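This briefing is for a reader meeting the structure for the first time. The notes after the display are grouped by topic.

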Amino acid sequence: MAGSINRIDQDIVALEEAIAKIAQEFDQAYEVYLVALGHGVRQQLILASYHLCTQTYPQSFLELSVSQRQKLQQGLKNLARQMQADLCESLLLPTDVELEDLEDDFTSEPEESNHHTNLQVSGTPQPLTPERLLAWQEGIETGIVRRLKLLSKDANLLLQRSGLLPKKLPEAILEVASKADASSDMVAGPANLLQIMIETEDDDESQTSMMTRLTAIHLRLGEIEFADASVMARRHQLRHLSGQLSGIRRDYQKKLRERAVLHAESAWRASWYED
């Protein structure tokens, strides 16, 4: 019995070492991926804005002075640059902080996060389990999507302030546009742009409503990856690592159960006595 438990313990140690190794690989892969994604986001934001200004609302863009156009373009570049910096600071990982603290970081707004920790497994007071690593990965992916929504909203507000989008458009509509998914009231259009039908009121006293088509920035992770071969290649590497982690997770859970069964059997025999 003791020999069986020792062998399982050795197997568990070996699996924990494999988890630590794949965690380092994840850390490195995400670092490269996020840098590539930052460049891809910048390119797609500029392309979407170009299409909106020249194809969707060309007359409104032409009504801007040269300095106003330059200010708009610079504002878009600044938003993209900030997004790149935010993405590169997204690697929060289970080291010597509690998982609950990490979850708080994942769900907070980017500007509210005040500490960033790279993935390190040395000095960890408890094993880096597959569940902790998966929670970290999910947090990064959730954070990416949230940042894309915030960037979309900020870009739309900038376009509205510049006169490209209707001035009277409530900010709530822009909020919907930045978070929208495909549905019946949305129209397919160019990549990372959303065409949505909204109800507006006429300016006359009849207060009749009419349907207006709004085109706004709506950055989508899938479209950004599809448009950039470098980003897509790094996404494939992350998927490969995820497949490896799934296999290690199954083996790890199996060994933990086997050890629990052996300990339970030993505890039963230790407390059993014949009447």
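Thr 129 sits in the loop that links α4 (99–107) to α5. The model is a predicted one.

**Thr 129**
- Thr 129 has a relative accessibility of 18%, and because the cut-off for buried is under 20%, Thr 129 counts as buried.
- Leaving aside residues up to four places away in sequence, Thr 129 touches Ile 19 and Tyr 252.

**Overall fold**
- The chain contains 8 helices and 3 strands.
- Along the sequence, these elements follow the pattern α-α-α-α-α-α-β-β-β-α-α.
- The chain has 275 residues, and 39% of them are buried.
- Of the contacts between residues at least 6 apart in sequence, 76% join residues at least 24 apart.

- In soluble globular proteins, nonpolar side chains tend to be buried together.
- Here the largest nonpolar core holds 55 residues.
- At least two residues of this core come from each of α1 (2–56), α3 (66–88), α5 (130–161), β2 (193–201), β3 (209–217), α7 (221–227) and α8 (229–271).
- α1 gives the largest share of the core, with 19 residues.
- The residues with the most contacts inside the core are Phe 26, Tyr 33, Leu 37, Leu 72, Ile 144, Leu 164 and Ile 217.

**Packing of α3 against α5**
- The axes of α3 and α5 lie 10 Å apart, and the two helices pack at an angle of about 165°.
- Angles over 145 degrees count as roughly antiparallel, so α3 is roughly antiparallel to α5.
- α3 and α5 cross in a right-handed sense.
- On the α3 side, the residues in contact are Leu 72, Gly 75, Leu 76, Leu 79, Met 83, Asp 86 and Leu 87.
- On the α5 side, they are Ile 144, Arg 147, Leu 148, Leu 151, Asp 154, Ala 155, Leu 158 and Leu 159.
- Sorted by class, this contact of α3 with α5 has 11 nonpolar, 1 polar and 3 charged residues.

**Asn 192**
- Asn 192 belongs to the loop between β1 (186–187) and β2.
- Most residues other than glycine have a negative phi.
- Asn 192, a residue other than glycine, has a positive phi, near 65°.
- The relative accessible area of Asn 192 is 0%, so this residue is buried.

Conventions
Residues are numbered from 1 along each chain as its sequence is written. This is a predicted model: local features need pLDDT of at least 70, side-chain atom pairs count only at pLDDT 80 or more; totals for chains, interfaces and linings use all residues. Side-chain values use heavy atoms; hydrogens and water are left out. A nonpolar core is a set of buried Ala, Val, Leu, Ile, Met, Phe, Trp, Tyr and Cys residues joined through side-chain atoms within 4.5 Å. Buried means under 20% relative accessible area, exposed over 50%, partly exposed in between (1.4 Å probe, protein chains only). Helices (H or I, at least four residues) and strands (E, at least two) are DSSP runs, numbered from the N terminus. Contact means heavy atoms within 4.5 Å. Axes are lines fitted to C-alpha atoms, for helices over the stretch in contact, and angles run from 0 to 180 degrees between N-to-C directions. Angles under 35 degrees count as roughly parallel, over 145 as roughly antiparallel, 65 to 115 as roughly perpendicular and the rest as oblique. A crossing is left-handed if the near helix is turned anticlockwise from the far one by less than a right angle, and right-handed if clockwise. Ala, Val, Leu, Ile, Met, Phe, Trp, Tyr, Cys and Pro count as nonpolar, Asp, Glu, Lys and Arg as charged, and the others, Gly among them, as polar.
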